[in-house]
Amino acid sequence: MINGKTITLSGREFVAPPVNWATFKQFKTEFAEIQKGTWVPDFDVMGTIILQALQRNYPELTEAELGTLLDIGNMGQAFSAVMNASGFEDRTPGEVHAASSSTGTN
């Protein structure tokens, strides 16, 4: 089992691990937009990213089964869990994070 964020989908608990390199490459444009805070959420993309991440721990999970577990109420939470496990911070679309003022010296 790969470490990640625990999520509950329709009463079932899952550990959502980080996305793998193949998923990152497949959605590199979307990940770049997410990082910049300019991405407009797309449910198909979100569902695919969630599925591919969960399949790392649950290889038997199918798209059809995930489709019965995800709903409008939990999709954002599931996507956030995968993204957080992958090292992305939660942010709202258009939100820009200030650059660190650290100079790298103490």
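Of the 106 residues in the protein, 36% are buried, where buried means under 20% relative accessible area, exposed means over 50% and partly exposed lies in between, with a 1.4 Å probe and protein chains only. The model is predicted, so local features are limited to pLDDT of at least 70 and side-chain atom pairs to pLDDT 80 or more, while totals for chains, interfaces and linings use all residues. Residues are numbered from 1 along each chain as its sequence is written, and side-chain values use heavy atoms, with hydrogens and water left out.

The protein has 5 helices and 2 strands, arranged from the N terminus as β-β-α-α-α-α-α. These elements are DSSP runs numbered from the N terminus: helices are H or I with at least four residues, and strands are E with at least two. The accessible surface, computed by the Shrake-Rupley method with a 1.4 Å probe, comes to about 6,600 Å², and carbon and sulfur atoms hold 53% of that surface. Contacts are heavy atoms within 4.5 Å. Among contacts with a separation of 6 or more, 64% join residues 24 or more positions apart.

In soluble globular proteins, nonpolar side chains tend to be buried together. Here the largest nonpolar core contains 29 residues, and L9, I50 and L54 have the most contacts inside it. Such a core is a set of buried Ala, Val, Leu, Ile, Met, Phe, Trp, Tyr and Cys residues joined through side-chain atoms within 4.5 Å. Two or more core residues come from each of β1 (5-9), β2 (12-16), α2 (28-36), α3 (43-57), α4 (63-69) and α5 (75-85). The top contributor is α3, with 7 residues. Beyond its neighbours within four places in sequence, I50 is in contact with L66, L70, M75, A78, F79 and V82.

After α5 comes G87, with a positive phi near 95 degrees. A positive phi is also found at S10, near 50 degrees, in a residue other than glycine. S10 sits in the loop between β1 and β2 and is partly exposed, at 47% relative accessibility.

Rings of Phe, Tyr and Trp (its six-membered ring) are paired if their centres lie within 6.5 Å, with planes under 30 degrees apart called stacked, over 60 edge-to-face and the rest tilted. There are 5 aromatic pairs by this rule. One of them joins F14 and Y58 edge-to-face, at 5.0 Å centre to centre and 85 degrees between the planes. This pair connects distant parts of the chain, since F14 belongs to strand β2 and Y58 to the loop between α3 and α4, 44 residues apart. Both F14 and Y58 are buried. Elsewhere, ring pairs join W21, F24, F31 and F88 into a cluster.

The structure holds 1 salt bridge, defined as a side-chain nitrogen of Lys or Arg within 4 Å of a carboxyl oxygen of Asp or Glu. In this bridge the side chains of E65 and R12 meet at 2.6 Å, N to O. It too links distant parts of the chain, from E65 in helix α4 to R12 in strand β2, 53 residues apart. E65 is partly exposed at 27% relative accessibility, and R12 is partly exposed at 36%.

E30, in helix α2, is buried yet has no salt bridge, and its nearest side chain of opposite charge, K28, is 9.6 Å away. For this search, Lys and Arg count as positive and Asp and Glu as negative, without His or the chain ends. Leaving out residues up to four places away in sequence, E30 touches W39 and V45.

Finally, I2 lies in the segment before β1 and is partly exposed, with a relative accessible area of 30%. Apart from residues up to four places away in sequence, I2 touches V15, P17, P18, R56 and N57.
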